[in-house]
Amino acid sequence: MYTAAAANTAFSTLDLADFIGAMGQLPEMAMQNAKWFMSRTAYLESVGRLAGASGGLTTEVIPEGPSQVMFLGLPVVFVPVLNSTTGAQVSTNVLCVGDLSQTAVLGTRPGLAIASSNQRYLETDSTAIRGTQRFDISIHGTGDASNAESMIVLATPGS
């Protein structure tokens with residue numbers, strides 16, 4: 001986890017040093033496939049503002065057409081369930097940077113099972129088909145306060 005500078009408690013106050021600091025904590029093994037993960041609100045209120053303040057929005061920040069949005073050389077992935085609160089917030093995880101493929105794994109057990117019955121909907125000459133699958137996700141590689149791993153969370157400072 002990387003904590004933003006003391007006064008930076010909102011997307012509108014995050015500065016370039018906060019983003020560079022979070023990205024700088026990534027170990028080299030996570031840099032090759034690293035991406036930014038943030039809500040669209042986070043992107044517009046922080047990255048968009050920083051790009052405008054640095055002399056204008058370039059095609060790297062706002063590309064033409066459907067190409068990938070980039071920030072500090074890394075692709076940006078918009079995640080609607082991540083934080084999108086526009087006001088000040090203390091001790092809050094606001095966005096992430098890292099390699100998701102090294103941070104989480106999806107497993108299935110015992111696999112896909114398919115069953116059918118031509119008796120269930122006999123009156124309508126239909127067949128019922130049911131598919132079931134068990135799966136789970138394991139999150140690892142997020143590190144702790146003193147050890148950086150494949151995903152770094154950018155958080156606002158405490159009160």
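From the N terminus on, the elements of this chain follow the order β-α-α-β-α-β-β-β-β-β-β. That amounts to 3 helices and 8 strands; helices (H or I, at least four residues) and strands (E, at least two) are DSSP runs, numbered from the N terminus.

Before I continue, a word on the source. The model is predicted, so that local features need pLDDT of at least 70 and side-chain atom pairs count only at pLDDT 80 or more, while totals for chains, interfaces and linings use all residues. Residues are numbered from 1 along each chain as its sequence is written, and side-chain values use heavy atoms, with hydrogens and water left out.

Let me turn to the chain as a whole. Of its 159 residues, 32% are buried; buried means under 20% relative accessible area, exposed over 50%, and partly exposed in between, with a 1.4 Å probe and protein chains only. Among contacts with a separation of 6 or more, 73% join residues 24 or more positions apart, a contact being heavy atoms within 4.5 Å. The chain exposes about 9600 Å², and carbon and sulfur atoms supply 56% of that area. Accessible areas come from the Shrake-Rupley method with a 1.4 Å probe; for residues, only the protein chains shown count as cover.

Next, the sheet. Which order do its strands take? An open sheet of 6 strands runs β1-β8-β5-β2-β4-β3, with mixed pairing. Its edge strands are β1 (2-3) and β3 (70-71), each of which pairs on one side only. Two strands pair if DSSP finds at least two bridges between them.

Strand β5, residues 93-98, is mostly covered, with 5 of its 6 residues buried. Strand β2 (residues 35-38) pairs with β5 in the antiparallel sense over 3 bridges, and there lysine 35 has glycine 98 of β5 as its bridge partner. Strand β8 (residues 151-155) pairs with β5, also antiparallel, over 5 bridges. Across that pairing, leucine 95 stands opposite leucine 154, and glycine 98 stands opposite methionine 151.

Helix α3, residues 40-53, lies across β2, β3 and β4 and runs at about 120 degrees to β2. For that angle, axes are lines fitted to C-alpha atoms, for helices over the stretch in contact, and angles run from 0 to 180 degrees between N-to-C directions.

I now come to the loops. Serine 91 sits in the loop between β4 (74-78) and β5. Is serine 91 buried or exposed? It counts as exposed because its relative accessibility is 56%. Leaving aside neighbours within four places in sequence, serine 91 is in contact with Thr156, Pro157 and Gly158. Serine 91 and threonine 156 are 65 residues apart in sequence, yet 5.1 Å apart in space, C-alpha to C-alpha.

Two other loop residues have a positive phi without being glycine. Leucine 72, in the loop between β3 and β4, has a phi near 55 degrees; with a relative accessible area of 30%, leucine 72 is partly exposed. Aspartate 125, in the loop between β6 (104-121) and β7, has a phi of about 55 degrees. Aspartate 125 counts as exposed because its relative accessibility is 74%.

Finally, strand β7 (residues 126-139) holds isoleucine 139, which is exposed at 55% relative accessibility.
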